[in-house]
Amino acid sequence: MTGAAGLDLSDIHHAYAGTAVVRDFALTIAAGELVCLLGPSGCGKTTVLRLVAGLEPLQQGRVIIDGRVVGAPGRDLPPEARGVGFVFQDVALFPHLDIADNVGFGLRRQSAEARRRRVETLLERVHLTGYAKAWPHQLSGGQQQRVALARALAPAPRVMLLDEPFSGLDTRLRSVVRDEALHLLKADGVTTLVVTHDPEEAMFMADRIAVMRDGRLEQVGAPADIYTQPASEFVAEFMGEVNRIDGVVHDGSVATPFGRLPTPDHADGTAVHVLIRPEALKIAGADQGILGAAPIGSLAARVLASRLLGRTSWVHVCFDTDPAHRHDEPDAPQRHSHWHVRVPGQFLPAEGSLLQVSLDPRQAFVFAVQDPT
Ligand SMILES: Nc1ncnc2c1ncn2[C@@H]1O[C@H](COP(=O)(O)OP(=O)(O)OP(=O)(O)O)[C@@H](O)[C@H]1O
Ligand SMILES: [Mg+2]
């Protein structure tokens, strides 16, 4: 036995036919913790899950579950010996088994009566009581996904791996099934790794988010930290939309239309991108809940369009009144003609109308330009 309870992945590298797809991968998930592995398509998320499940032989590194090495090069335990439950990207129920037998599939060693009771409990918990004798093809996609979840939970795994388990569902059903899954996993204290490429889903479910890019972990942290203190431009843009302006650091700060932002981490002369979240732009008169922060600057902006997106409104603006004093700045930012502002609730100013806009500097991020070409 080594290490603590939970899931511990260290020094994992993986290549398919000589092409590395997972590199320097290390992640520890505490017992009962839920971590979301978040990243764009093809970055290696499913590969990591397959390595943890034992569906892919480990080429380098260690997979430790509850202190027991279950994966090491040449010493891989088979999936069924790992105490891991998984639901993969495309749910595949056994078509020739009814729902009860699908859910009870991993319980074949239990008595018929124990198995029947466990299946009944699980069907109740995924809100499918009464479907025991139905066949997979008689169920909707969302119902099938809940059956797959019940099947994975049935043997009471210590670790659960979910690979985009809600991706085939429409938005409403998705949030219902996701919410149910979250409560089931948390109630059972299951150590869980969920793959998703949807940042909102990750923020909804995760205790911590691990952002993956091109086979590597880019940042691991609490959802609020990942969103409000992104470690890189990639993370900032992946977590949510940003307005972007170019600038150059001068005297320890960079110019924006709203005034200068301090850049303590960058040397003078560094070319930078300033990324500004749509909700960082504060419209005078709109109720955007500025909590103690002092917004900077106040610019007249012209409304190009405004749209209600449901819970928020999305306002497209341009700053067509260029305050004269900003012309004096030697490093005045390249003007960005079209900005997006997010306002909670319904706020739909008429096209062409003028607004006063200022900036909450806490939600503006400055990163050195990686590839200045
Ligand atoms: N069995 C395989 N043989 C060869 N290459 C593979 C294999 N499986 C995956 N790959 C490649 O490895 C890379 C990572 O794939 P992976 O499926 O882990 O990505 P992912 O992050 O899960 O993507 P998605 O979000 O699209 O599911 C991709 O470039 C993919 O083409
Ligand atoms: Mg995948």
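Reader: Which elements each supply at least two residues of the lining of the second largest pocket?

Author: Ground rules before that: this is a predicted model, where local features need pLDDT of at least 70, side-chain atom pairs count only at pLDDT 80 or more, and totals for chains, interfaces and linings use all residues. Residues are numbered from 1 along each chain as its sequence is written, chains are lettered from A and ligands numbered from 1 in written order, and side-chain values use heavy atoms, leaving out hydrogens and water.

A pocket is an open set of points on a 1 Å grid over the protein atoms alone, where a 1.4 Å probe fits, with protein on both sides within 12 Å along at least five of seven lines; lining residues have an atom within 4 Å of a point. Elements are DSSP runs numbered from the N terminus: helices (H or I, at least four residues) and strands (E, at least two). Here, α6 (199-205) and β18 (339-344) are your elements.

Reader: Where does the second largest pocket lie relative to domain 1 and domain 2?

Author: Domain bounds come from an automatic or database domain assignment. Domain 1 (6-233) and domain 2 (242-368) both contribute to the lining, so this pocket lies between them. Its space is about 490 Å³, with volume taken as the space filled by probe spheres set on the points, which are joined across faces, edges and corners. It is lined by 18 residues, and E200, Y227, E279, T312 and R342 are the closest to its centre.

Reader: What about the largest pocket: what is its volume, and which residues lie nearest its centre?

Author: That one has about 840 Å³. It has 25 lining residues, with V84, F105, G106, R151 and P155 nearest the centre. Both β6 (84-87) and α4 (141-153) give two or more residues to that lining, and β6 has the largest share, four residues.

Reader: Now ligand 1. Which residues surround it?

Author: "Near" means a heavy atom within 4 Å. Among the surrounding residues are Y16, K45, Q89 and E164. Helix α1 (residues 45-53) gives the most to the shell, three residues.

Reader: Which polar side-chain atom lies 2.5 Å from an oxygen atom of ligand 1?

Author: For polar contacts with a ligand, look for N or O pairs within 3.5 Å. The 2.5 Å one belongs to S41. A backbone N or O atom of G42 sits 2.7 Å from a ligand 1 oxygen, and a polar backbone atom of G44 is 3.0 Å from an oxygen of ligand 1.

Technical notes. A polar contact is a pair of N or O atoms within 3.5 Å; within protein, one must be able to donate a hydrogen and the other to accept it, and residues adjacent in sequence count only if both atoms are side-chain atoms.
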